[in-house]
Amino acid sequence: MGIPASASAWMFNRLLAGLFVAHSVGIVHGAIVPCNLLINTELHNGRIIDWCYSAKAGSKIKAIVPKYKVFYPKEVFNKTSSFAVDISMAARSIKWLLMGNQKTPPQINGFLDYCIFFFLFHI
């Protein structure tokens, strides 16, 4: 159960690269949750899907995925969206995908925790 820990680094890197492109034009996805990630571990590629509710940075997030409500920082419901929301949620999603892997290196877990909590202070 879970994805291989060796895949998590490239997966998170690909997520951040995709988010960088969106963020560079002022777009926040607002729903980086496992069901919106298509990942192919054999080909080392992935896609972020369901951009229909993405928003301009600084506006309210238009919708949430009810099944993954716990992935959303609580600040999202009280403030406007920011790039930090996407980064925090991407880290939460990768961490959740790794959950079944008991041999996840502590460096990976530590880095993902840093991304989750550091960026919450920048929302």
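Let me start with a term: helices (H or I, at least four residues) and strands (E, at least two) are DSSP runs, numbered from the N terminus. By that rule, this chain has three helices and four strands. Along the sequence the pattern reads α-β-β-β-β-α-α.

A word on the basis. This is a predicted model, where local features need pLDDT of at least 70 and side-chain atom pairs count only at pLDDT 80 or more, while totals for chains, interfaces and linings use all residues. Residues are numbered from 1 along each chain as its sequence is written, and side-chain values use heavy atoms, with hydrogens and water left out.

How confident is the predictor? pLDDT is its confidence in each residue, from 0 to 100. The chain has a mean pLDDT of 85, and 92% of its residues reach 70 or more. Among the elements, strand E1 (residues 27-28) has the highest mean, 95. Helix H3 has the lowest, 82.

Now the overall shape. The C-alpha atoms fill a box of roughly 40 × 25 × 25 Å, taken along the principal axes. Next, the radius of gyration. That is taken over C-alpha atoms, and the globule rule to set beside it is 2.2 Å times the number of residues to the power 0.38.

Back to the count of elements: three helices and four strands. The radius of gyration of this chain is 14 Å, close to the 14 Å that the rule gives for 123 residues, so the chain is as compact as a globular protein of that length.

What about burial? Buried means under 20% relative accessible area, exposed means over 50%, and partly exposed is in between (1.4 Å probe, protein chains only). Of the 123 residues, 43% count as buried.

Accessible areas come from the Shrake-Rupley method with a 1.4 Å probe; for residues, only the protein chains shown count as cover. The chain exposes about 6900 Å². Carbon and sulfur atoms supply 63% of that area.

Contacts next. Contact means heavy atoms within 4.5 Å. Take the contacts between residues at least 6 apart in sequence: 69% of them join residues at least 24 apart.

How many salt bridges does the chain have? A salt bridge is a side-chain nitrogen of Lys or Arg within 4 Å of a carboxyl oxygen of Asp or Glu. The count comes to one. In general, side chains of opposite charge can pair when their charged atoms come close.

Here, the partners are Asp 113 and Lys 95, at 3.0 Å, N to O. Asp 113 lies in helix H3 and Lys 95 in helix H2 (residues 83-98), so the pair ties together parts that are 18 residues apart in sequence. Asp 113 is partly exposed, at 29% relative accessibility. Lys 95 is partly exposed too, at 25%.

What else does Lys 95 touch, beyond residues up to four places away in sequence? Asn 109, Leu 112 and Ile 116 join Asp 113 on its list. His 29 is another matter: 66 residues from Lys 95 along the chain, with 19 Å between the C-alpha atoms.

Stay with helix H3, residues 106-120. Patches are made of residues with over 30% relative accessible area and no salt bridge: like charges are joined within 9 Å, nonpolar side chains (Val, Leu, Ile, Met, Phe, Trp, Tyr) within 5 Å. Phe 111, Tyr 114 and Phe 118 form a nonpolar patch on the surface. Together they have about 300 Å² of accessible area. Phe 118 sits in H3, and is partly exposed at 32%.

On to the loops. Which residue has a positive phi although it is not a glycine? Asp 50, at about 65°. Asp 50 is in the loop between strand E3 (45-48) and strand E4 (55-56). Its relative accessible area is 37%, partly exposed.

Last stop: the loop between E4 and H2, which holds Ser 59 and Ile 61. Ser 59 is partly exposed, at 26%. Ile 61 is buried, at 17%.

Leave aside neighbours within four places in sequence. Ser 59 then contacts Thr 80 and Ser 81. Ser 59 and Ser 81 are 22 residues apart in sequence, yet 5.6 Å apart in space, C-alpha to C-alpha.

On the same terms, Ile 61 contacts Gly 30, Val 76, Ser 81 and Val 85.

Terms used: pLDDT = per-residue confidence, 0-100.
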